[in-house]
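Okay, thanks for coming, everyone. Let me put the model up and we'll walk through one part of it.

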Amino acid sequence: MKALLWKEYRQNRSVLIAGVVAFVLPFVIVICVELYRDLFWSTNNWGPQVWQVWLEKWLVPTMGSGCLSLLTWALLGGYSLTGERYDRSAEFLAYLPISRRTALTHKIIFNVGTCLIIYLLYRLILAGIVAAYYQKFSAEGRLPVQPNELADMIAPPLLYMTATALLMFCVAWLFSSFLNSPAIDTCIGLASPLIVSMGVWFWAWVVDPPFESARQAPAEEWYLYTCLILSPLAFLIGSLCYVRRTEP
Amino acid sequence: MVSEAPDTVIELKNVAKVFGSTTAVRDLSFCVPKGTAFGLIGPNGAGKTTTLKMMMGILPCTNGRMNILGLDVSSHPQTIKQRLGYVPEQNFIHRWMRVGEAINFCRSFYPTWNEPLCGEMLKRFDLGGGKKVRHLSKGMLAKLSLVLALAHDPEVLILDEPMGGLDPIAREEFLEGVMANLADQHRTVVFSSHLLGDVQRMVQTVGIIDRGELLTLSSMDNLLKETKRIRGVLRDGCQPKQPPAHTIWQRVQGREWLVTVGNFTSDLPLQLKSTNPVQDVEVIDLTLEDIFKDYIKGRRVQR
């Protein structure tokens with residue numbers, strides 16, 4: 001039903017605006033700094049390491065934009081179910097002939113869709129920067145970083161960022177299914193990667209010290225696996241709690 | 001599950017609702033026939049809103065059976081909501097919506113949406129579609145709530161203290177809106193309010209509820225006809241010996257004995273004189289408000 005998707009969009013519009021600002025801000029900062037340098041210092045001479053400066057200049061805000069997008073994921077998860085309970089509009093919806101399953105389906109479509117759009121947009125910008133880098137410097141005949149090296153450089157942080165974003169969204173979603181404050185849900189979502197990484201670290205270094213050697217995997221990888229197991233579990237439990245909840 | 005009487009629209013049988021250790025509604029049973037207006041009155045915390053929310057399928061019953069329009073509420077909540085209109089005490093329509101957006105939003109869930117009726121009510125209540133819900137006064141919000149509850153031509157209209165906190169003008173306009181729709185004799189109305197004058201004006205049957213229990217259920221005419229207060233003047237130093245049957249409430253203050261009875265007959269004053277040391281007897285007619293107060297006071301004394 002279009003009406004429910006429209007309602008989800010309007011309900012979460014402030015979160016989406018915050019998300020767009022967070023996404024764009026690092027690029028705006030870089031552009032402003034460049035303009036400032038061009039206008040007041042009139043220097044475009046970056047020395048012999050011009051490729052490195054160029055790559056860093058655009059990769060750093062891209063990574064920053066990705067990190068700030070995590071906030072949007074947590075906010076979406078935290079506000080998705082609690083937002084209506086907080087302003088009590090959930091009571092108004094309860095009088096309408098909308099089943100919990102229908103409401104949940106539309107919430108999932110909207111939230112997962114939005115997260116997916118953020119993620120794809122992010123990947124598109126990243127791909128655009130990499131493509132621009134190759135176009136610019138391969139034409140000049142100097143390409144110090146090969147494609148596979150660049151992929152090795154970008155892929156791991158991207159993977160951890162994705163897993164962390166997923167964990168934040170799903171944990172915030174879980175808590176928003178039974179708490180009444182979106183701020184608390186979002187904070188728990190934001191804190192969840194810290195709690196999980198502390199748990200993995202505690203297990204690896206205190207409870208089971210030969211952890212890494214025995215399993216032939218670094219603790220970071222276990223963080224990744226934990227995120228990938230906990231996230232769908234939290235999402236599923238949160239969805240069930242929402243559907244089975246008696247009160248609006 | 002089909003209800004037993006064919007003209008019964010609402011049927012509650014031994015309905016109970018328990019929240020943890022608190023029993024909000026206990027063993028509640030009544031029927032509301034089609035096309036009638038039923039008033040459910042009671043003090044704060046009596047269980048009225050809980051009962052109405054159970055009727056709407058928002059809260060499940062702990063015990064008992066509840067049929068609306070021949071359907072079991074617990075198994076067909078969405079079907080029933082399609083055919084019900086509900087005006088709550090406090091309306092929590094999304095504050096960011098405009099009036100027009102709220103109407104468009106609700107319209108999409110009701111295939112029976114009556115566009116001319118909706119437009120007519122908006123005009124009657126002077127509700128502009130561009131106004132934001134957050135900028136509406138309490139009275140305007142109640143009116144919007146009534147429009148949203150009536151515009152899909154519901155067979156049953158449930159009003160849960162919809163006029164609380166409204167000024168007399170807004171209350172009058174709201175009631176006129178309800179009354180105009182009551183002219184349709186097929187519509188059944190369940191009305192809960194603390195404004196007992198309005199209840200007396202609107203409903204044909206009334207139920208008084210306190211602490212989750214139904215104290216009385218009667219047609220408005222019968223209740224007003226059969227419930228009377230008798231003021232007796234007792235002889236010096238005497239106390240009442242035998243209160244009449246169906247005494248709802250009584251009080252002795254000096255020589256004055258006030259007793260409210262539920263089955264008043266014309267020969268009751270004489271009976272009272274013959275069985276008690278009473279000199280004079282006076283029969284006082286009661287309003288719904290007086291009857292309600294006496295029922296509640298009588299119950300509190302019993303406890």
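So, when I say two strands pair, I mean that DSSP finds at least two bridges between them. Strands are DSSP E runs of at least two residues, helices are H or I runs of at least four, and both are numbered from the N terminus.

This is a predicted model, so local features need pLDDT of at least 70 and side-chain atom pairs count only at pLDDT 80 or more, while totals for chains, interfaces and linings use all residues. Residues are numbered from 1 along each chain as its sequence is written, chains are lettered from A and ligands numbered from 1 in the order written, and side-chain values use heavy atoms, without hydrogens and water.

Chain B averages a pLDDT (the predictor's confidence per residue, 0 to 100) of 90.

Now, strand 8 of chain B, residues 188-192. What does B:Ala37 stand opposite in that strand? B:Val189. Strand 3 of chain B and strand 8 of chain B pair in parallel over four bridges. Strand 7 of chain B also runs parallel to strand 8 of chain B, with five bridges, and there B:Ile158 stands opposite B:Val190.

Five of the five residues in strand 8 of chain B are buried, meaning under 20% relative accessible area with a 1.4 Å probe, protein chains only.

Then B:Leu159: its contacts (heavy atoms within 4.5 Å), leaving out residues up to four places away in sequence, include B:Val189, B:Val190, B:Phe191 and B:Ser192.

How values were computed. Buried means under 20% relative accessible area, exposed over 50%, partly exposed in between (1.4 Å probe, protein chains only).
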